Amino acid sequence: MAKEKTLFFCKECGYEVSKWQGQCPGCRAWNTLVEAPSAGKAGRRGSSTPGNLRNSNVKPMKINEIETQEECRRKTGMSELDRVLGGGIVPGSLILVGGDPGIGKSTLLLQVCRLLSEQRIKVLYVSGEESARQIKMRAERIGVFTDELYLYSETCMGTVLEAVDEIAPEVLIVDSIQTVYDENTDAAPGSVSQVREITGTLLHLAKNKNITVFIVGHVTKEGNVAGPRMLEHMVDTVLYFEGDKTAMYRMLRGVKNRFGSTNEVGVFEMRNQGLVEVPDPSEFMLQGRLENEAGSVVACTMEGSRPFLIEVQALVCQTSFPMPRRTAVGTDFNRVNLLMAVLEKRLGIRMADCDAYVNVAGGMRVMEPALDLPLTAALLSSHHGRAVAEGTILFGEVGLVGEVRAVSQAERRVAEAIKTGCRICILPESNRQSILKAGSLDVSGVKLIGVRHIREILDYI
């Protein structure tokens, strides 16, 4: 019997080589090549696509002859999800939902199924991980479902396609892509070859039958969807469901969207009856905050086009060890060390013999430069033991010479501060001038304080 031929595929770009190498010749990534059976009976990618999915009527057209129209979107009934998708789901689109195991991906999609079925939209939910009875038990905690939702526990792609032909759903959900296999591909479910073939088949299904397809993908310890990275390139939309399992909130982040803007964020709260939308994340993030406490300041950060008010906490104290201890939760550890060095050099405040603990309350992770000024104020407030005036928010970037630089979308940040009742907003002077010059925002309810250097922050602590 002839030995089965195998190839090595790159998980990042899909490049194929006959022998293993440490570095991928295509994308130059290290240790990304994995062994998998060659195409064999299935042929190259797309050759396993069933004949009834191939559209032979499509012909090349001149670009000036193609008529364009606005995409017809269908509301899901979940406003936070619609926000991330750009206004709703587009028929014929392929959407990937990724996240850690147990974070709530299946619960989110099951709630979407309930809302769509209430609109008399036929939905087929295919699960390769749970039986129909298990899904039914979980669905009873979420709410009442209509007969427009069909549950199917199956892992063979050919059988799933037969069910699609029989039921003719408008929305198809596959949970998860790592459990479904193509019987024409000689590889284990979840392997590079299987994930690539299944995704290609679902892509043809979505485009040729105008079905919206959701596929669920598990996330590796590196934070990427398990399987080849090219999976994210093949789909139309990539959503990541994030959050700490011990925290109440979950965040749905859009990192790719061919039908809308990227980097939008939806906020949910996990409860016994499922996921509940959080329409005002700023109020939610500031719950439980103590007033007039040293080391606690309110910052305004942006997630896509959405402003968030969050609490930044700092604790600075004298160390009893030769090497001071520094900890940062929710932000960049190296950025905290840099800001402490700037304070010591530019303001003469000795921090080399101090322990420093920084925390972004609520479990959020913020990396944008606008967090520099709030971090600086929190460190100074804790070091001097004096609280920042209540009702104050801060945002701005701090340079190595202590200058405070402008940040993007300052007007939206100030508008969010006004909406939540803040009375004082400390921001870069250049941002303050641009807001006043534009005149499109009514700032009569808030006092704008522009700063050019971090030494000016000492006057407000």
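# Briefing on a predicted chain

Ser176 is found in the loop between strand E7 (171-175) and helix H5, and a cis peptide bond, with omega of about 0 degrees, joins this residue to Asp175. The model described here is a predicted one. In the chain, the secondary structure comes to 11 helices and 21 strands, and the C-alpha atoms fill a box of roughly 80 × 55 × 50 Å when this is taken along the principal axes. Of the 461 residues, 50% count as buried, and among contacts between residues at least 6 apart in sequence, 67% join residues that are at least 24 apart.

**The seven-stranded sheet**

- An open sheet is formed by 7 strands in the order E15-E16-E14-E13-E17-E20-E21, and the pairing within this sheet is mixed.
- Strand E15 (326-329) and strand E21 (447-451) stand at the edges with a single partner strand each, so one side of each is left without a neighbour in the sheet.
- On average, and with direction ignored, neighbouring strands of this sheet are turned by 25 degrees against each other.
- Within the sheet, strand E13 (residues 296-303) and strand E14 (residues 306-318) run antiparallel and are joined by 8 bridges, and Val297 stands opposite Val312 in E14.

**Helices H8 and H9 on the sheet**

- Helix H8 (residues 333-347) packs on the sheet, where it touches E15 and strand E16 (354-360), and the direction of H8 makes about 125 degrees with that of E15.
- Helix H9 (residues 372-384) lies across E13, E14, E16, strand E17 (392-394), E20 and E21, and runs at about 35 degrees to E14.
- H8 and H9 also pack with one another, at an angle of about 65 degrees and with their axes 10 Å apart, and the crossing in which H8 passes H9 is right-handed.
- On the H8 side of this contact are Arg335, Leu339, Met340, Leu343 and Leu347, which meet Asp372, Leu375, Thr376, Leu379 and Leu380 in H9.
- By class, the residues of the contact of H8 with H9 divide into 7 nonpolar, 1 polar and 2 charged.

**Helices H4 and H5**

- The axes of helix H4 (residues 157-167) and helix H5 (residues 192-209) come within 12 Å of each other and cross at roughly 10 degrees, which means that H4 is roughly parallel to H5.
- The crossing of H4 and H5 is right-handed.
- Met157, Leu161, Val164 and Asp165 are the H4 residues in this contact, and they meet Ile198, Thr201, Leu202, Leu205 and Lys209 in H5.
- The contact of H4 with H5 has 6 nonpolar residues, together with 1 polar and 2 charged residues.

**Strand E11 and its partners**

- Of the 7 residues of strand E11 (residues 265-271), 5 are buried, so this strand is largely enclosed by the rest of the structure.
- Strand E10 (residues 249-257) pairs with E11 in the antiparallel sense over 5 bridges, and the bridge partner of Tyr249 in E11 is Glu269.
- Strand E12 (residues 274-277) runs antiparallel to E11 and is joined to it by 4 bridges, with Met270 standing opposite Leu275 in E12.
- E11 and E12 form a hairpin, and 2 residues lie between the two strands.

**Individual residues in loops**

- Arg120, whose place is in the loop between helix H2 (105-118) and strand E5 (123-127), has a positive phi of about 65 degrees although it is not a glycine, and Arg120 is exposed, with a relative accessible area of 54%.
- Gln409, which sits in the loop between strand E19 (404-405) and helix H10, has a positive phi of about 55 degrees although it is not a glycine, and Gln409 is partly exposed, with a relative accessible area of 33%.
- Arg423 lies in the loop between helix H10 (410-419) and strand E20 (424-428), and, not counting residues up to four places away in sequence, Arg423 touches Glu390, Gly391, Gly445, Val446 and Lys447.
- From C-alpha to C-alpha, Arg423 and Met137 are 49 Å apart in space, and the two are 286 residues apart in sequence.

Definitions and conventions: Residues numbered from 1 in each chain as written. Predicted model: local features only at pLDDT ≥ 70, side-chain atom pairs only at ≥ 80, totals over all residues. Heavy atoms only, no water. Buried < 20%, exposed > 50% of the residue type's maximum accessible area, 1.4 Å probe, protein only. Pairing = 2+ DSSP bridges. Axes fitted to C-alpha atoms, helices over the stretch in contact; angles between N-to-C directions. Parallel < 35°, antiparallel > 145°, perpendicular 65-115°, else oblique. Left-handed = near helix turned anticlockwise from the far one by under 90°. Contact = heavy atoms within 4.5 Å. Nonpolar A, V, L, I, M, F, W, Y, C, P; charged D, E, K, R; others polar.
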